[in-house]
Amino acid sequence: MAETTAVTSVGPAWALAAAATLGALVILAAAFQGLLTARSQGATGGITRPFGEAARLMRQRRRTTVSADGLLWRIGSSGLLVAALLMVAVVPLGEWTIFDLDVGVMWFNAMDVLVWALIWLTGWGANSAHSLIGGYRFLAHGLGYELPLMFALVAPAIAASSLNVGDVAAAQEGLWFAVWMPVAFLAYCLGVVAFSVWGPFEPAIGSDLGGGVRAELSGVDRLVFELGRYALLAAGAAFAVPMFLGGGSGPLLAGWVWVLIKAAVLLGVFVWGRRRLPAFRPDKFLEVGWLVLLPAVLLQDLIVAVVSVWRT
Amino acid sequence: MIADIAFWAIGAVAVLAGAAVFYVDSMARATYALAVSFIAVGFQLLFLQQNYVGVVTVLMMVMEMAIMAVYMVMFMGMNPALMPMSMVHDNKKSLAVAIGTFAFLAAGVLLIDWPARRGAPPADVTSALGEALMGPKMLVMAVISPVMVATIVAGVVLAAHRTRYDRFGDDLKRRPAEDPQPGGIGR
């Protein structure tokens, strides 16, 4: 597909290794989340809590509702994990990548838009008012965060003059994009947190709606949905590494180790930040997205474009 | 060979998912069947080396269908489309139009002399396509875009029954504005 890029493609069998790496990041994030939850309750430990919860959900009998749309419901709840796996397919681990697509940045963007459909379908499928309202809440958030996220992804692509993820990583020799395009980086991070239905964007699965989108999800379905949320968060953190955090560059250690370290640290910040930010009300966030975030990110794009033209 | 089979299989998915739009009995299923059809078309474009166009098709169409599902459920049918409903109406006339159109187009396919290929495809087919579509008309397109956006904004402004006097009071001095839907940044 692409002529010459900064990374080498590896065989499709390595997709299993990529999935395992994503799984390791998910376990890390869930364990950290368990630790923080235990600490906030004044208890000690908590690292093993997510494993206990997973075991509980695996044994739980699956509950269903009257005239649920089973097909759409299952597609929605299980699709998040698939979308996250498709996202990491274009993330180079140091010098290797599975899918060296020349428009990898757009690919990531398309996969995160898929989450819109999947979350709404999870809300619709259960045939329950609470979960459907949760789905609408997510779309209301989506209208606010998606355009800033898209234009945040534009900035590194302009600076690297490429939509190939490996090329974007290679274009950051010496200076990370996160340093000189901080607004785009912050908007990107907010977008990742949003499409993972995480932290401030949790009203869609809020307890005021009895669990919102996941109100009627039980057993393995709920486990896969939760895994999907963590996987999206991890995939978003992993994609930030080549886009904003210099890819595999770093002293002493090999490139792939640095990618994993940077991804794990950013993921840790996302998990930690969940307790630090208030929820964004879906009806109010739209105006924040369009009148604050979007102009800020567009201005960032303009600055990046001017700098890029001036440098060449 | 495998690529050919995959191309045609995805084509079949696109057609069958498109047909499913009229077969299913729920607005959500119809909308997302259409989304699947568009995703399949997007992947077909990848096989044509139009990587950018293909991925953008998937991106835009999934986003559009996610929004469209909301409007379809809200406005379609006697009930607000939360119940099962038929996706077809005016069956006999529609069938006649569909068969007529198909016969017309199929006749065109069979009767016309297909041209032989001249030259070879360029290295970057995406930019060649962009040049062919937009090249000499770029100025026109660049002018039309803001005009279209202005038309949309003007249309919404004219259609909205609330004016600035409803929001800010008769002397336009009321702050914050009185809105049925509170904004997020306290205007």
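Mentor: Two residues are said to touch, or to be in contact, if their C-beta atoms, placed from the backbone, lie within 7 Å. Please keep in mind that this is a predicted model.

Trainee: Which residues does His141(A) touch under that criterion?

Mentor: Leaving aside residues up to four places away in sequence, His141(A) touches Ala194(A), Phe201(A), Ala204(A), Phe280(A), Pro282(A) and Phe285(A). His141(A) itself is found in helix H5 of chain A.

Trainee: Why is His141(A) called buried?

Mentor: A residue is buried if 20 or more other C-beta atoms lie within 10 Å of its own. His141(A) has 27 other C-beta atoms within 10 Å, and therefore it is called buried.

Trainee: How far apart in space are His141(A) and Leu114(A)?

Mentor: From C-alpha to C-alpha, the distance is 14 Å, and the two residues are 27 residues apart in sequence.

Trainee: How do you know whether chain A agrees or disagrees with the rule for a compact globule?

Mentor: With 312 residues, a compact globule would have a radius of gyration near 20 Å; chain A has 19 Å, so the value agrees with the rule. Its C-alpha atoms fill a box of roughly 60 × 45 × 40 Å along the principal axes. Of the 312 residues of chain A, 54% count as buried. Among contacts in chain A between residues at least 6 apart in sequence, 80% join residues at least 24 apart.

Trainee: What does the same rule give for chain B?

Mentor: A compact globule of 187 residues would have a radius of gyration near 16 Å, but chain B has 24 Å. The box filled by the C-alpha atoms of chain B is roughly 70 × 45 × 30 Å, and 17% of its 187 residues count as buried. The domain assignment gives domain 1 (1–87) and domain 2 (124–187) of chain B, and the C-alpha centres of these two domains lie 28 Å apart.

Trainee: How many helices and strands does each chain have?

Mentor: Chain A has eleven helices and two strands, whereas chain B comes to seven helices and zero strands.

Trainee: How do you know whether the length of helix H6 (residues 138–159) of chain B agrees with expectation?

Mentor: At 1.5 Å a residue, its 22 residues should span 32 Å; the end C-alpha atoms are 32 Å apart, so the span agrees.

Trainee: What makes H6(B) "hardly covered"?

Mentor: The count of buried residues among the 22 residues of H6(B) is zero.

Trainee: Which residues have the most contacts inside the largest nonpolar core?

Mentor: They are Ala117(A), Tyr188(A), Ala231(A), Ala234(A) and Val62(B), in a core of 136 residues. H4(A) supplies the largest share of this core, 16 residues. As for Ala231(A), not counting residues up to four places away in sequence, it touches Leu22(A), Val26(A), Leu80(A), Leu81(A) and Ala84(A).

Trainee: What is the extent of the contact between the chains, and which helices supply it on the side of chain A?

Mentor: In this model, 27 residues of chain A are in contact with 22 residues of chain B. Helix H4 (104–125), helix H5 (129–160) and helix H11 (282–311) of chain A each supply at least two residues of the side that touches chain B. The largest share of that side, eleven residues, comes from H4(A). By class, the side of chain A that touches chain B has 21 nonpolar, one polar and five charged residues.

Note on methods: Residues numbered from 1 in each chain as written. Chains lettered and ligands numbered in written order. Predicted model: local features only at pLDDT ≥ 70, side-chain atom pairs only at ≥ 80, totals over all residues. Helix = DSSP H or I, 4+ residues; strand = E, 2+ residues; numbered from the N terminus. Nonpolar A, V, L, I, M, F, W, Y, C, P; charged D, E, K, R; others polar. Domains from an automatic or database assignment. Core = buried A, V, L, I, M, F, W, Y, C linked by C-beta atoms within 7 Å. Buried ≥ 20, exposed ≤ 12 C-beta atoms within 10 Å, placed from the backbone. Expected span 1.5 Å × (residues − 1). Rg over C-alpha atoms; globule rule 2.2 N^0.38 Å.
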